[in-house]
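Open the model in your viewer and keep the selection panel at hand. Each stop below says what to select and what is there.

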Amino acid sequence: MDYPEVKVIGAGLAGTEAAWQIANAGVPVKLFEMRPSISSPAHHTDEFAELVCSNSFGAISPDRAAGLLQAELRIFNSLIIKTADKFAVPAGGALAVDRSKFSKALTEELEKHPLIEIHREENYNMPSQSEIAVIATGPLTSKKLAKEIRLFTGIDSCHFYDAASPIILGESIDYDLVFKASRYDKGDPSYLNCPMSKLIYDKFRDELINGEQAQLKEFEKESANFFEGCLPIEELARRGCETMRYGPLKSIGLWNPDWGDLQDKQNRLKKRPYAIVQLRKEDVDGKLLNMVGFQTNLKWSEQKRIFRMIPGLANAEFIRFGVMHRNTFLESPRLLSPTLQFIKQNSLFAAGQITGTEGYAAAAAGGLLAGLNASLLTKNKKPMIFPDETIIGSLMNYVSGNNKYFASHRNKSFQPMPASFGLIPNLDKRIRDKKMRYEAYKERSIKIIHEFKKIISSNLEDRLCIPRI
Ligand SMILES: Cc1cc2nc3c(=O)[nH]c(=O)nc-3n(C[C@H](O)[C@H](O)[C@H](O)COP(=O)(O)OP(=O)(O)OC[C@H]3O[C@@H](n4cnc5c(N)ncnc54)[C@H](O)[C@@H]3O)c2cc1C
């Protein structure tokens, strides 16, 4: 049977996986990759799925979020993970690859696929309503296309720069040292507050000032010219002893009822902390917490060391570290449905880091979902949503209209997110032991994903007319 072709723009981690899944479903693909005629500031080769920095896909054990994501992708016969397994190099507990062999093999695999037509050129037009297409142009989308995307989504819904604060796993906080309150008791007490004495504040400030900075790439240096509303926390620390206390660490208007009478001036002056770090929910249940105003250029190891000095955060587990770098990403919860289709143009999909996922395997997962769903669409079948209990599903639902937190907080801006157990729904029965809980997440996910795969496969059934590669 002849199916309409699907256009895939970008042959990175997401586009490579998407193109392969679509072609393997018996649907022809036109794949556009701008390299080598135009290169991004981070890529160095003309191969597909180039790993621009580290060669690691993260922990391999499926009782870790990264490992479970890889396991789920394996069940779906992901080309990216299959190739990573083939060219794995010893890396302790991580899945790391020989990057050159990895990308070369993927390029060859797509080049020889009879249903994939490769166009080595920049695609700078938005696909029309009559085409089925996947945009997978990554964090360094070409300027021309990025401009078109902005016209399509609205200027505030496509970002070029990521200035994000760290995100912490809620259960790793010491709740005896923090308190819940909103400034001046306005609305629900939706913040967790970490009070600091002057002694701790001064020491903390010293460490921030002297903390080791991440090495910015040449192309990132221009965006590190801070704009005043969004200074890195270490820069605020540098500007003066009091600057952070008049900024994100302001204690005024925040009071713990355990400290006694707020109206009693003597008591207030005695008990009021010198500074307060605020943590804000990043999801409905508060399993993930954002450190308010802590965008930073500090090295990740330094963030861990220094931020753990904050009362209540001594054992904080960081899901995502703070960053300030160039990153083209969409305000996805407002633009995409959980099938990765644009809400305003159903024939158009997005996948990979441009949707606000983070990491190589997460980009492959987006490519897999968009690829499977684009194939279903060509066959006049309904695109599907991955179950929330899986790592793929929880992440794709987070970066889409299924994100309940963004649906109810219209003026909150969206920040990219890696795969994490913090996004997965709770188990029916609470398991206190972390290792056992993660093991239970894994078992639940693997069971569900096998069942889900059967449904998707039967929906795509007629692909068997094409030999599997
Ligand atoms: C400097 C830097 C370092 C990073 N380090 C890591 C790391 O160590 N670990 C990690 O997991 N993640 C890292 N990332 C994030 C990483 O980019 C993603 O994890 C992953 O590459 C995203 O996959 P993707 O397919 O969405 O984008 P990409 O892999 O970037 O693929 C996008 C592709 O689209 C092409 N393209 C862009 N515009 C067009 C156009 N208009 N027409 C045709 N082709 C186009 C690009 O050439 C590219 O091949 C890093 C990102 C950057 C920028």
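**Stop 1: Asn-373**

Select Asn-373: it counts as buried because 29 C-beta neighbours lie inside 10 Å. The cut-offs are 20 or more other C-beta atoms within 10 Å for buried, 12 or fewer for exposed, and partly exposed in between, with C-beta atoms placed from the backbone. This is a predicted model: local features need pLDDT of at least 70, side-chain atom pairs count only at pLDDT 80 or more, and totals for chains, interfaces and linings use all residues. Residues are numbered from 1 along each chain as its sequence is written.

Now show what Asn-373 touches: Thr-339, Leu-340, Gln-341, Phe-349, Pro-383 and Met-384, leaving out residues up to four places away in sequence. Contact means C-beta atoms, placed from the backbone, within 7 Å. Then pick Gly-12. Asn-373 and Gly-12 are 361 residues apart in sequence, and their C-alpha atoms are 19 Å apart in space.

**Stop 2**

Asn-373 is found in helix 12. Helices are DSSP runs of H or I with at least four residues, strands are E runs of at least two, and both are numbered from the N terminus. Select residues 360–378 for helix 12 and residues 13–24 for helix 1. Their axes come within 7 Å and cross at roughly 30°. These axes are lines fitted to C-alpha atoms over the stretch in contact, and angles run from 0 to 180 degrees between N-to-C directions.

Colour the contact residues next. Helix 1 contributes Leu-13, Ala-14 and Gly-15, among others. Helix 12 contributes residues including Tyr-360, Ala-363 and Ala-364. The contact divides into 11 nonpolar, seven polar and one charged. Here Ala, Val, Leu, Ile, Met, Phe, Trp, Tyr, Cys and Pro count as nonpolar, Asp, Glu, Lys and Arg as charged, and the others, Gly among them, as polar.

**Stop 3: the cores**

Centre on Ala-364. Leaving aside neighbours within four places in sequence, its contacts include Leu-73, Ser-78, Ile-80 and Ile-81. Ala-364 is also among the residues with the most contacts inside the largest nonpolar core, which has 88 residues. Such a core is a set of buried Ala, Val, Leu, Ile, Met, Phe, Trp, Tyr and Cys residues joined through C-beta atoms within 7 Å. Helix 12 gives the most to this core, with 12 residues. Apart from it lies another core, of 37 residues, including Tyr-191 and Phe-307.

**Stop 4: the whole chain**

Zoom out. The protein chain has 15 helices and 19 strands. Of its 469 residues, 48% count as buried.

Terms used. Contact = placed C-beta atoms within 7 Å.
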